[in-house]
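Dear colleague,

Here is the structure I promised to pass on to you, and below it I have set out what I found. Please keep it open while you read.

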Amino acid sequence: MYLGVGVVEVEKQSDFFRLSKGTGVTMVSLATGKKPLSLNSLDNTKWFCQNLPSLVPAYSLSETITSDSTVLDMCAAPGGKTSHISSLSKNCFIVANDRSKKKMTSVSTLLKSQGFDNVNCISSDATKLCDSLPSSSTVPEIFSKSSPDTSGVHSAIKRLPPSSFTHILLDPPCSALGLRPRLHVPSNDDVQKYSVYQRGFVDQAVKLLKPGGVMCYSTF
């Protein structure tokens, strides 16, 4: 890991993930001296790299989470915040969701490797996640009647009853204006579109939250 000041050598932010060869950033100076910080000796099942702002939501939610709590991470991939919540609140019931089945398969694998067995993974459109009708069954009861498929995801569960969760983390798709470094700045129109899009997530979160429940809305 390189920690310091660098110069970006690619034109598009997507090139950091698309290109398999080449130089993405040329380091000008290292905060760690002449050598980069090595993480090779660390067990990758015990840690997950996140930006500092990404650590705040789990801490803010965990203050009121108890063993009786039901927690929903509406847009869970890649799983960093979900695993953080689970590490802070190991005895509660957690549901992790993302629209992409492929991403949720990776999240399930990550959580298993880290030993978090209180998280149940689903793959559904979060803007349509709340069922229109209430249920006599609690969320844990609903999942007790379902089995995850070979990918570790409860594929049969696409909707959840209203007023089901004591805590909800909503980190919806956003413009990422606060992310650094940035190679592309979205236009005003793009930002406005995200604003409208995010309202759909908030609407569903409010419906899924129990009266008196806690929702953490996180975006940067």
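Please bear in mind throughout that this is a predicted model. In helix H6, Asp203 and Lys207 are four residues apart, which means that about one helical turn separates them. Their side chains meet in a salt bridge, with a distance of 3.3 Å from N to O. Asp203 counts as partly exposed at 38% relative accessibility, and Lys207, at 42%, is likewise partly exposed.

The count of salt bridges comes to three. Another of them joins the side chains of Lys101 and Asp149 at 3.1 Å, N to O; since Lys101 lies in helix H4 and Asp149 in the loop between helix H5 and strand E6, this pair ties together parts that are 48 residues apart in sequence. Lys101 is partly exposed, with a relative accessible area of 35%, and so is Asp149, with 29%.

Lys81 and Asp171 also form a salt bridge through their side chains (2.7 Å, N to O), and because Lys81 sits in helix H3 while Asp171 belongs to the loop between E6 and H6, the parts tied together are 90 residues apart in sequence. Both Lys81 and Asp171 are buried.

Helix H3 also holds Ser86, which is buried with a relative accessible area of 0% and whose side chain is joined to that of Asn118 by a polar contact of 2.6 Å.

Finally, the axes of H2 and H3 come within 9 Å and cross at roughly 35°, in a right-handed crossing. Among the residues that make this contact are Leu55 and Tyr59 of H2 and Lys81 and Ile85 of H3.

Best wishes

Definitions and conventions:
Residues are numbered from 1 along each chain as its sequence is written. This is a predicted model: local features need pLDDT of at least 70, side-chain atom pairs count only at pLDDT 80 or more; totals for chains, interfaces and linings use all residues. Side-chain values use heavy atoms; hydrogens and water are left out. Axes are lines fitted to C-alpha atoms, for helices over the stretch in contact, and angles run from 0 to 180 degrees between N-to-C directions. Helices (H or I, at least four residues) and strands (E, at least two) are DSSP runs, numbered from the N terminus. A crossing is left-handed if the near helix is turned anticlockwise from the far one by less than a right angle, and right-handed if clockwise. Contact means heavy atoms within 4.5 Å. Buried means under 20% relative accessible area, exposed over 50%, partly exposed in between (1.4 Å probe, protein chains only). A polar contact is a pair of N or O atoms within 3.5 Å; within protein, one must be able to donate a hydrogen and the other to accept it, and residues adjacent in sequence count only if both atoms are side-chain atoms. A salt bridge is a side-chain nitrogen of Lys or Arg within 4 Å of a carboxyl oxygen of Asp or Glu.
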